[in-house]
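Please keep the sequence and the structure in view while reading.

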Amino acid sequence: MIKVNGRDYPWRAELSVKQLLAEMNFTFPLIIVVINGKTVPKDEFTCTVIENGDDIQAIHLICGG
Amino acid sequence: MNLEEIKNSHKLLGTFNYQLGQIDKGYTNRTLYVNLSAKTFAEKPVTELMKQKFIGGRGFGLKLLWDGINDNTKWNDPENELIIAPGPIGGITQYPGAGKSYVVGLSPLTQSAMDSNVGGYFGPFLKFSGWDALEIQGKAERDVILFIDGTKGTVTLEEAPLEELNSHILIEQLTEMYAESEEDKVNVSVVTAGEAAQHTLIGLLNFSFYDTRRKAVRIKQAGRGGLGTVFRDKNIKALVIKSIKIRGDLNNPHDLSTLKKVGKKMHKEILSLDDSQCQMRKAGTTHIVKIMNDYDLLPVCNYKFGSDPNANNITHTVLISKYFNLNGHDECWYGCTLSCAKVINSFKLKTGPYKNKDVIVDGPEYETLSAAGSVLGVFDPEFVIETNFYCDTYGVDTISFGTLTAFVMECYENGVINQDITGGLKLNFGNAEAALELLHQMAKGEGFGVIAGLGIRRMKKLFIEKYGANPDFLQDIGMEVKGLEFSEYVTKESLAQQGGYGLTNKGPQHDEAWVIFMDMVNNQIPTFEDKAEALFYYPMFRTWFSLVGLCKLPWNDIVPADNHTTAEPAKVPEHVQNYVEIYNGVTGSDIDNNELIRQSEVVYNFHRVFNLRMGYGTREFDQVPYRAVGPVTAEEYESRQDRYDRQLKEILDLNTAEKTTEEKVRILRNYREEQYQKLCDAVYLRRGWNSNGIPTLETLQRLGIDFPEVAEVVKKYS
């Protein structure tokens with residue numbers, strides 16, 4: 001199990017950041033991903049693999065309408 | 001009829017000559033007062049106290065309105081006013097989004113003080129013509145045009161019987177009439193409403209600007225709250241202003257070099273990053289449709305649902321590929337590199353009085369794609385564009401039109417009203433033709449359009465009293481707060497945004513607070529205290545734009561490349577610092593980001609007391625319809641059953657398998673309604689208000705607005 005924005009999410013082996021965002025349908029372009037306190041650069045979303053127990057923040061920088 | 005004949009029909013009712021004066025650090029230090037009943041004019045000084053406390057824009061509008069009316073004034077009394085004010089930063093050309101002005105008056109929908117922001121050239125031209133605000137009171141006997149000639153220092157009030165009323169024709173006629181040449185058209189701006197503004201309570205105002213590359217007059221809208229209806233109630237056909245040629249130093253700023261430096265940095269940021277971020281330069285605000293649909297936040301069928309597979313038909317992809325013309329002038333004020341004012345150069349109308357005409361359409365923007373589309377269960381871009389055009393030219397707010405029509409459709413589908421009542425209109429969800437016919441009826445002041453044009457709050461009362469409708473059901477599905485229709489976001493899964501709509505001064509409009517993603521998706525504000533802090537900071541921060549004359553979009557629809565490394569990326573700290581520097585650069589002040597918030601807090605609390613003075617502004621008026629909070633019907637619940645069942649299990653430890661849908665709807669409702677009340681308590685506390693939502697005397701004292709007439713209002717409720 002992993003945490004995504006404080007909520008439980010099932011983990012599986014080889015799950016990448018890019019795959020996770022796609023599964024969550026997080027399509028907004030201004031998004032920051034932080035794993036266990038460390039920011040993942042956008043160009044590393046595909047190659048960054050999520051470990052079981054990771055705490056992930058997927059912060060959408062959108063404050064309006 | 002040619003323009004010469006139309007112009008010759010004008011009858012001069014009054015003239016006012018004034019010294020053009022000098023702008024000093026963003027202010028002209030005077031406002032222009034016009035009384036249409038008495039046909040009189042006056043120059044009012046702007047005091048230092050007024051600048052310190054009310055700053056400009058919406059702040060000036062609220063102060064002038066407060067002083068101009070009495071406690072019993074109604075929206076259609078002659079004492080009601082329309083005030084237009086740009087703010088001290090308004091009109092600079094160095095930084096994007098600096099051409100906004102603010103319209104303030106008593107709203108026919110909310111019966112209290114309304115403010116609506118708008119682009120276009122009129123606001124900056126007003127300042128460059130010598131005025132920090134235009135304050136109009138009284139009623140003309142017949143249709144008039146008020147013309148401010150900022151090149152000569154004259155104001156004329158002219159009876160104007162022959163011009164068309166609908167905006168797309170009227171603005172062309174008046175631009176042509178008051179410009180001395182083709183080159184001079186760029187120095188003329190016009191404010192108009194339209195035929196529907198005089199038959200409904202949801203009238204808007206169009207503010208024009210001349211697009212030199214397309215050689216066409218374009219318009220932006222002050223849409224919310226029915227201020228176009230007030231305009232027509234005063235028998236104003238148009239306001240026209242003619243300005244001196246625009247230069248970058250006309251505000252006579254304290255420090256022009258700072259404006260240039262900060263502006264240059266921002267333009268560079270937009271040009272290098274927009275394409276990889278929100279693509280505002282290509283898509284404008286339309287890029288939001290797909291995002292809202294993806295996150296289940298796009299209103300569908302009167303906010304029952306948050307997404308629909310057919311929404312792909314009305315996204316920015318379709319608009320860019322088939323409709324938008326991207327080869328022109330898409331900024332609504334000089335120097336805005338974000339350039340979000342998208343336009344359709346040529347669109348052939350299929351219905352109404354201008355059927356088969358090719359017209360230019362400004363927009364559609366995000367809100368209209370929902371209001372004239374998804375919220376009605378309509379996913380035809382051509383219908384959206386046609387409705388966009390007719391709402392603008394008739395002078396109708398697309399948001400209120402869409403939200404109230406969606407309410408009518410749900411009433412129709414539930415048998416609250418029928419074809420006998422609608423005059424034969426089959427107002428089912430998805431019936432685009434019927435919705436357009438309703439709009440045409442509003443313009444003509446005929447049929448069911450007259451009833452719909454009253455807005456949701458009055459329709460609810462009418463349907464209950466006349467047709468025996470269930471008041472609880474109508475309260476649940478009627479998407480209005482304080483009498484104003486909701487703007488276009490589904491808030492069911494964001495408690496904070498429910499407050500962002502309910503705990504507002506003017507009603508549920510997203511320009512005050514929009515915290516859905518912080519709350520629902522990012523889960524950054526999980527506690528009541530966190531939500532209350534967000535509902536303190538963001539409304540105050542956003543209010544500041546309305547005081548100084550800025551557009552919100554360049555704040556966070558583009559962000560610096562390293563924004564994610566800052567402590568609070570959602571606030572976009574570098575841009576906040578830009579605003580501090582620009583404000584100081586124009587006015588010569590020395591504020592910081594804390595003082596910026598305090599400036600807003602003063603006006604925000606004054607607005608709250610204003611509502612109180614008019615008989616509103618307490619807790620009962622902050623309540624939202626349950627459709628904004630959770631699923632009203634079994635249909636809604638079952639459409640997202642997994643989500644709701646999971647919440648009942650995780651939060652309330654409920655065995656959902658043992659419950660019927662109706663039981664689960666009721667249990668969820670009890671829980672969510674209780675949460676909303678707790679949110680109210682937390683927000684009131686954070687804002688320095690008592691448990692009834694009234695600013696305390698200590699709060700007014702802290703903010704320095706415990707003026708006798710303000711404190712007296714609050715004391716009545718203490």
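## The open sheet

Strand 10 (residues 188-192) and strand 13 (residues 236-242) of chain B run antiparallel and are joined by five bridges; helices (H or I, at least four residues) and strands (E, at least two) are DSSP runs, numbered from the N terminus. Within this pairing, B:Val190 stands opposite B:Val240 of strand 13 of chain B. Two strands are taken as paired if DSSP finds at least two bridges between them. This is a predicted model, in which local features need pLDDT of at least 70 and side-chain atom pairs count only at pLDDT 80 or more, while totals for chains, interfaces and linings use all residues; side-chain values use heavy atoms, with hydrogens and water left out. Residues are numbered from 1 along each chain as its sequence is written, and chains are lettered from A and ligands numbered from 1 in the order in which they are written.

The two strands belong to an open sheet of seven strands in chain B, with the order 1-9-8-13-10-11-12 and mixed pairing. Strand 1 (11-17) and strand 12 (216-222) of chain B are at the edges with a single partner strand each, so one side of each has no neighbour in the sheet. From one strand to the next, the twist averages 20°. Helix 5 (residues 167-178) of chain B packs on the sheet, touching strand 8 (144-149), strand 9 (154-159), strand 10, strand 11 (205-211), strand 12 and strand 13 of chain B. The direction of helix 5 makes about 145° with that of strand 10 of chain B; axes are lines fitted to C-alpha atoms, for helices over the stretch in contact, and angles run from 0 to 180 degrees between N-to-C directions.

## Strand 7 and its partners

Strand 7 (residues 134-137) of chain B pairs in the parallel sense with strand 2 (residues 30-35) of chain B over four bridges, and B:Val34 stands opposite B:Ile136. Strand 4 (residues 81-85) of chain B runs antiparallel to strand 7 and is joined to it by four bridges; here B:Ile83 stands opposite B:Glu135.

Which residues point one way from strand 7 of chain B, and which the other way? B:Leu134 and B:Ile136 point one way and B:Glu135 and B:Gln137 the other, and all are buried. Buried means under 20% relative accessible area, exposed over 50%, and partly exposed in between (1.4 Å probe, protein chains only).

## Nonpolar cores

The largest nonpolar core has 256 residues. Such a core is a set of buried Ala, Val, Leu, Ile, Met, Phe, Trp, Tyr and Cys residues joined through side-chain atoms within 4.5 Å. Among the residues with the most contacts inside it are B:Leu134, B:Phe448 and B:Trp544. Helix 21 (residues 528-548) of chain B gives the most to this core, with twelve residues. Apart from it lies another core, of 17 residues, including B:Ile6, B:Ile171 and B:Val240.

Leaving aside neighbours within four places in sequence, B:Phe448 is in contact with residues including B:Val408, B:Ile417, B:Leu438 and B:Phe463. Contact means heavy atoms within 4.5 Å.

## Domains and the chain interface

Chain B is divided into domain 1 (3-242), domain 2 (278-485) and domain 3 (495-558 + 591-717); the bounds come from an automatic or database domain assignment. The C-alpha centres of domain 2 and domain 3 of chain B lie 25 Å apart. Their contact takes 30 residues from domain 2 and 32 residues from domain 3 of chain B. The area buried between these two domains is about 2400 Å², of which carbon and sulfur atoms give 64%. Buried area is the accessible area (1.4 Å probe) that two parts lose on being put together, summed over both.

Between the chains, 30 residues of chain B are in contact with 19 residues of chain A. The area buried there is about 2000 Å², with carbon and sulfur atoms giving 58%. B:Tyr295, B:Asn522 and B:His564 supply 23% of the area that chain B buries against chain A, more than any other three residues.

## A buried loop residue

B:Ser487 lies in the loop between strand 17 (484-485) and helix 19 (495-502) of chain B. Is B:Ser487 buried or exposed? At 0% relative accessibility, B:Ser487 counts as buried. Beyond four places in sequence, the contacts of B:Ser487 include B:Arg224, B:Tyr303, B:Glu367 and B:His510.
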